[in-house]
Amino acid sequence: MDQRKRLERAIYQLVDSNGFFGALALHLELVERRDIETAATDGIHLFYNPEYLATLSDSQLRGLVAHEVWHCAANHMG
């Protein structure tokens, strides 16, 4: 399956299960980056390596999205 589609699905599942994290995730622009090892955010984008995402289960992928969103919520970029 296309990893971007999996990532989008994980975000929508977060909207259903945890509106706070899901709503924040909806504001991040998804950007494929093969030059990073896993995933990252700058508060505007959610950068992801599709090869890494392919190694994750669906629940792990939701956890990864929540982790990256938490960086935004905690203003780690500020």
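How many bridges join β2 to strand β3, and do the two strands run parallel or antiparallel? Three bridges join β2 to β3 (residues 45-48), and these strands run antiparallel.

## Basis of the model

The structure is a predicted model, in which local features need pLDDT of at least 70 and side-chain atom pairs count only at pLDDT 80 or more, while totals for chains, interfaces and linings use all residues. Residues are numbered from 1 along each chain as its sequence is written, and side-chain values use heavy atoms, with hydrogens and water left out.

## Overall architecture

The chain contains four helices and three strands. Here helices (H or I, at least four residues) and strands (E, at least two) are DSSP runs, numbered from the N terminus. Along the sequence, the elements follow the pattern α-α-β-β-β-α-α. The chain has a radius of gyration of 11 Å, close to the 12 Å that the globule rule gives for 78 residues, so it is as compact as a globular protein of that length. This radius is taken over C-alpha atoms, and the globule rule is 2.2 Å times the number of residues to the power 0.38. Along the principal axes, the C-alpha atoms fill a box of roughly 30 × 25 × 15 Å.

## The sheet

The three strands form an open sheet in the order β1-β3-β2, with mixed pairing. Two strands pair if DSSP finds at least two bridges between them. The edge strands, β1 (29-32) and β2 (39-41), each pair on one side only.

Helix α1 touches β1 and β3, and its direction makes about 155° with that of β1. Helix α4 (residues 58-73) touches β2 and β3, and its direction makes about 25° with that of β2. Angles run from 0 to 180 degrees between N-to-C directions, and axes are lines fitted to C-alpha atoms, for helices over the stretch in contact.

## Packing of α1 and α2

Helix α1 (residues 3-17) and helix α2 (residues 19-26) pack at an angle of about 145°, with their axes 6 Å apart. In α1, Ile-11, Tyr-12, Leu-14, Val-15 and Ser-17 meet residues of α2, including Phe-21 and Leu-26. Contact means heavy atoms within 4.5 Å. The residues of this contact divide into eight nonpolar, three polar and no charged. Ala, Val, Leu, Ile, Met, Phe, Trp, Tyr, Cys and Pro count as nonpolar, Asp, Glu, Lys and Arg as charged, and the others, Gly among them, as polar.

## Packing against α4

The axes of α2 and α4 come within 9 Å and cross at roughly 80°. The two helices are therefore roughly perpendicular to each other, a term for angles of 65 to 115 degrees. Phe-20, Phe-21, Leu-24 and Ala-25 in α2 meet Val-65, Ala-66, Val-69, Trp-70 and Ala-73 in α4. This contact consists of nine nonpolar residues, with no polar and no charged ones.

Helices α1 and α4 pack at an angle of about 75°, with their axes 9 Å apart. That makes α1 roughly perpendicular to α4. Among the α1 residues that meet α4 are Arg-6, Arg-9 and Gln-13, while Asp-58 and Arg-62 are among their counterparts in α4. The residues of the contact of α1 with α4 comprise seven nonpolar, one polar and four charged.

Notes: Parallel < 35°, antiparallel > 145°, perpendicular 65-115°, else oblique.
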